[in-house]
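Hello,

Here is the structure for you to look over. My notes on it follow below.

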Amino acid sequence: MYRHMLRLAILLLPIILTFLSLKTSAAGGSRKTDGHFKLLADTTIRGRVTDSAGNAIAGVSVLLKKGELGTTTDANGYFTLYNVPARATLVISSIGYQAREVRLAAGQTFISLSLTSDSGTLTDVIITGFQRIDKSKFTGAAVKLDMDRIKTPGQTDISRMLEGRAAGVAIQNVSGTFGSAPKVRIRGATSITGDNKPLWVIDGVVLEDIVNISNDQLSSGDPNTMLGSAVAGLNPNDIETFDILKDAAATALYGARAMNGVIVITTKRGKSGVTSINYTANLGVQLKPTYKEYDIMNSADQISIYGELERKGYLDYNSIANRANAGIYGKMADLLRGLDPQSNEFLLLNTPEARREFLMQYAGVNTDWFDILFRNALTQEHSLSFSHGSDKAQSYFSTSFYNDQGWSIADKVRRYTINLRNTYNLTDKFTAGFKVQGSVRQQQAPGTISRVTNPVSGSYDRDFDINPFSYALNTSRVLTAYEPDGSYSYFRRNFTNFNIIDEIKNNYIKLNLMDLSLTGDLQYKFKPWLTYNFIGAIRYVKTTKEHQITENSNQANAFRAAPNSTIAEANKFLYRDPDDPEAPPIVVLPYGGFYNRDEDDLKNYTIRNTLNINKTLLKVHEVRGLIGQEIKYTDRQNANNTGFGYQYENGGVPFVDYRIVKQFVENSLQYYGMGNEYERFVGYFANVGYTYNKKYTFDGTLRRDGSNRLGRSEKARWLNSWTVAGRWNMEQENFISQINPISYLTLRASYGLNANYGNATNSLAVLRTKLTNRPYLNDRQLAIDIEHLENSKLTWEKKYEANVGVDLGLFQNRLTFSVDAYSRKSLDLISLIRTAGIGGESIKAANYADLKSHGIELSVGGTPYSTANWKWETNLTFSYNENEITRAENFPLVFDLVVPEGGAKVGYPVRGLFSIPFRGLNEVGIPTFEDDKGGVSNNVFLQSDKTDFLKYEGPVDPIIVGGFTNTFGYKDFSVQFHISYQAGNKIRLKPSYKTEYSDLDALPNDFKNRWTLPGDEKLTIIPSIADRYYAFDLNASQSYPYNYYNYSNVMVADGSFVRLKSVTLQYTLPSRIIAGTPIKSLSANLVGTNLLMIYADPLLHGQDPEFFNAGGIAQPINKQVTLALRVGF
Amino acid sequence: MRKSFSYIILLSALTLGSCSKYLDKEPDNRTNIKTPEQLAQLLTSAYPHASYILFTESMSDNAEDKEGGGTGYDFVDRINAQSYRYNVVEESPDANDGPDYYWTACYKAIAAANQALQIIEESEDPAALSAHKGEALLARAYAHFMLVTLFANVYDPSTAASDPGIPYVTVPETETFKQYERKTVAFVYEMIEKDLIEGYPLINDQIYGNSPKFHFNKRAAAAFAARFYLFKQDYQKVVTYASEALGSAVTENLRPWNSTLTNLQYFELQAEYTKSTTRGNLLLQEALSIWGRSYPSLRYGLGDRVGNEVLFRRNVSGGFYAYDVYGANPQVYNIPKFYEHFVRQDINANTGDPYNTIPLLTGEEALLNRAEAYVRLNNLNAAVQDLNSFISENIDDYSPFTNKVTPSRCATFYNTGSATGVLLAALDFKRAFFMHEGMRWFDILRLRIPVTHFTADGGVIELGPTDNRRVLQLPSLTKQSGLEPNPR
């Protein structure tokens, strides 16, 4: 109890402190006014602050140098300061500008002054999470993005807002489901088997992932991917800036975690002297997909295909009656056999006419599954923030609520966030800050289980998939959702009734997530040039996924489907008792459904101590430095539980047949489990920077990291990383400063080493306890398996990177250019290598691969045209990155290389897409291919490690990515077009071809051109529908030419696209209208996201080039129109 | 200020000092062996969990080409087809039932044994773990024996000292690409014998808990020793060890084929055959294998030709075998012996891992090996006594009088001398009894029996007594570890 109280007190502490601070500062303020001893007549000073171009600067801090008075400027640059002592000195400062001190003349009541930007070059500081460095002295490659400029209302996950905004950053929306992460790559991939995602850092603290999701899992559609985005719990309105750190120098202080780049998020904080309240409302509509966008047969065409299937013996009504899955033919078979209880006649007469009539009633159905399963759903997001501050304490508080009614009928999201950030200036030297961030998410998704790979036939299997998007794409439009009387119409799936709407209501996943973090920081200024900083953070995330499968669901009823012995024998969900091998399989879930629970928890602590120096000697020698130490501690826990026989509609009483437990135990399946992962991390670091006369900067960093994942040997577990970098501000040189148009011109260069731990932890042999796979429980034993042999040479994955950059500003920075070129070499990458197996492990993970990559990034920005009323701002980003595996001892199999996710092979990119070379249709319309022996056949051995015959298509990751943004302003109106583009990659098309089709499948229109008659093989490449005889033969000889066809070179499209990512129309109410009201600002935005695909390969037929349609919970990003209102008080 | 400065230094020093311990935390729920029970669990992994049956049976004379001819039963399996043709099996090394997979599984078993031996050596009281040591040594010897038998020339006292063997591994591997030497078959046999002799007296069935049949129990260890010495042609030792394996009541260790088993239904028989409670099974291991589901319909297997030669005619005893051959036509002839234990990935998945329980050592093998050894030792009476024990459980309507096997009956039946006749009888019983179990190949190797395979397209494949194709090719990647491939 005591411990609970303590924990509560710790959690509440910052909140209490906030209220205290509000109270004391209010009281302090009044005391000052009342009790101030007036020596000289105090006056009210008004003033206006502008930049060198005469534009007002908002939020500038205006402080009395001696005393406690202070305020900030409003949106038009004005400020008012009351009770100012005469001839006082004001300190006027703002981030990005050089601070100024102004001594008031006697009797002066108005001052007007301009601030020059900080460095005289770029108006920015780079926040690395360890340091804040003037951009003019920053030697690395980094991009700073202001949230205000990239905010896209309606986008809830901030990582998606970065698409096309920063050169070098590629965002690929492999799934649009809330909580799932896009594929984020900074300068492409650095590792083959390990992580390639950047490190997210929020206010100096690394944001750990709740669950580790591998590169390929991102696009799997598995329920875990809903926890994939590290930043899904952040309220976009709380974010001030992103600093994207790209090269070795910029990321140097992250050392052994920095290989993939770092994205540093800085959140808002209160400002002294300003009280502001902001409210933002985003109201959005998500637009339903339509059949127009996709290539799917209508019901009339589909019926004619079924005619052919029937002729080829697939839909023979006797066998279909006992088939697991069936559509209208299954229904017909049931009617042909069923008797009318009254008349005792068959429900449907078995005559060609009656059968034809029955089928024909479905020909015109044309069910619009998109219309049925999707809706023009409303989303709303409300965010409220209070910001307040005095010289002694500043506070920022925000809360937000997001509600998504669900684009499909299967999903729903609610998210609540809270954020509280206080800073206390306890003395001149001592500052303390606290931040509490919390978010709660309640999400519903279609019930799904993880997919499994069948490497022999080359298919991904996912039973009970009810993903609405893939259902709509793959289900025949002949099927109906409703009967004429309005009730659901049922067709057969898993031997029992199935209706998608009914199933979605009875089979769903509820995700609950609570994420709470507390960050504290302390700063002590020993001397003006020597500061000590401390950051400590605690984060706790608790998530629960409840997969609720009610007793009415198809998934539960499948366990009970045994109407006759044929079906009982065929139904794999029944139980065959090994102790009674002759007995027919029996039902072991007589009542109820399932209640399956998964919990993923994260505990994370970070502590960091740093000592900073910053001193200018003899006016021209500026020395900066830092030494420090940090400790990170991360524990992840997953617990899962399968609940059998839960009766949702019968008092919630579980009915458990003991035999279902027996079945689980016999199958070596665990009906509950718990696993832990522990990460321990220690780092020491030092950095020195020296700038001579603002012209030349040199910078060097050393870091030493240790991790428990690299084992116990002192040699392996520690890694030293380092970088050196330099910068030349050429505009400071006379020969450049004389060139008038040039505002700044700088040259940067850096070289260094950083790292990441790879996907292996076997510095000592890894032993794992498991159950023996013996059929009888009396023989069952525990076994300890050597999962991995000791790898005495296990080490970190490392990367050397050289970067050269040039920044140029022209015409008072109206036009800016930034170009970076880099070359990277990744070494000691973990690669799965096949060995002779004599040690006892045939596939080992070892540091045996190298990768090289190079690229160029360009961004052009500026305000080419600007008058009092008109303004045009533009920003173009372009990045090019190519990588190649230069060494890897891995032996990829054919299947590894032809899957949509691509595979790793020496001499090719990290993820290259390969195809089985298609060699035309044979004389019966079955596709043939070149095989691993150089011959032509319809049998390709997918498990072969001879892969040279495969055709290389291209990388799966785009080589070129970028964005183009243009904003046109007229007075208070502005409109922004944001285009994102990518090029150079290849995509595998949706797998539409199968050896056997059923009367449930929806087929693409291409099927109209399929092989139907001998001789067609000369005219078409669309394979025939194999007749049953051939299909049987193919299956018996383990040949799956239709699957190989899906993996062939004719099923590949170009991944290049140009997308109109967003259009924003904005109106800001002019200040003269709101003057005199409490409202400080008011604006309205109308935003359309993903409205238009300007270019994509026509072969895609509407398939989203970014999206992996993997079923499960995966959904493409949708079209959305959002109205955003912002009011500030 | 100086004071707070020194506090910081002190703090950093403290964190520095303790961080080594801080980083010792294991990254996940891996196992650290601390108890003898855990050591026993590690040794549960010291057996090859793979099956040799598919390729050994397909190479043996128990296989014939039974092309389906449009019946739809023509199930072509690469390993089956390539083994039947004595080609090097080209399959993914991860494909279960292939030679490469079996190679890896044996070395995986050896690695577990070596890990256990290392733990025992480093323990405070190795003597207390002697039973574990015994099991580890036996398991290590067994896996190496199987490897040297399949992947090197069969033991021949005149050439063993020069025939290349297979690496005999005695320490856990700690580097990615370790180099190994094949040495010689004689060396490997020496090492096996050393482990066997050292381990055998240490065996104690007490440590095996509920399932001694899945470990080298005393009888199994003796049966393995009998097999080893039969290959080594040390027949007196075969008799000694086989007798230890069988005990005095020999039929207690034989399957009740002509009584209990023959009365079972198909699926019951399938299950019963490899149960640990069934008599005759001395050492069982589960193996990842699709053998159990595929052998009836494989293209190269038991058909009419082999059936008529081995099973469907009266044997030397004058009786018929009690083995129930099922299958509506020759394409699917099978004796149900393997119950497939299908371990699904999860309760809803279609995919999973099929496991078969494989009888590695049996009473019948020990008995028939002893019979052969008696023949070699010129003790024909003892030999036929063993054969009579065998038939008492294995032929239909067994009568000790009419079915009695004698040296002269063997001589007549095989139309040869009585010693050879008894030997042939023992080998034939073995061949019939172990149908679908892959054991025939080991006799073909050991006695250099020639094999002729016919193919449906009229081809004839002859395997001579010294044919290079008798020796399986080493997995191609062993070149990386410095091993010379076998000549083909």
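Touching here means contact, that is, heavy atoms within 4.5 Å. Please keep in mind that this is a predicted model.

I started with Phe216(B). Not counting residues up to four places away in sequence, Phe216(B) touches Tyr47(B), Glu135(B), Leu138(B), Ala139(B), Tyr142(B), Ile203(B), Tyr208(B), Ala221(B), Phe224(B), Leu283(B) and Leu361(B). Phe216(B) also belongs to the largest nonpolar core, which has 154 residues. Tyr52(B), Phe216(B) and Phe224(B) have the most contacts inside that core.

Next, the interface. Here 84 residues of chain B are in contact with 93 residues of chain A. The buried area between the two chains is about 8,200 Å². Carbon and sulfur atoms give 55% of that area. Tyr22(B), Leu23(B) and Asn348(B) supply 9% of what chain B buries against chain A, more than any other three residues.

Now the polar side. There are 5 salt bridges between chain B and chain A. Glu286(B) and Arg774(A) meet in a salt bridge through their side chains, at 3.1 Å, N to O. Between chain B and chain A, 33 residue pairs are in polar contact, both at pLDDT 80 or more.

Several elements of chain B supply at least two residues each to the side that touches chain A, including helix H2 (36–44), helix H5 (99–122) and strand S5 (352–362). H1(B) gives the most, with 9 residues. That side of chain B divides into 35 nonpolar, 30 polar and 19 charged residues.

Best wishes

Technical notes:
Residues numbered from 1 in each chain as written. Chains lettered and ligands numbered in written order. Predicted model: local features only at pLDDT ≥ 70, side-chain atom pairs only at ≥ 80, totals over all residues. Heavy atoms only, no water. Core = buried A, V, L, I, M, F, W, Y, C linked by side-chain atoms within 4.5 Å. Buried < 20%, exposed > 50% of the residue type's maximum accessible area, 1.4 Å probe, protein only. Buried area = accessible area lost by both parts, 1.4 Å probe. Salt bridge = Lys/Arg side-chain N within 4 Å of Asp/Glu carboxyl O. Polar contact = N/O pair within 3.5 Å; in protein donor to acceptor, adjacent residues only side chain to side chain. Helix = DSSP H or I, 4+ residues; strand = E, 2+ residues; numbered from the N terminus. Nonpolar A, V, L, I, M, F, W, Y, C, P; charged D, E, K, R; others polar.
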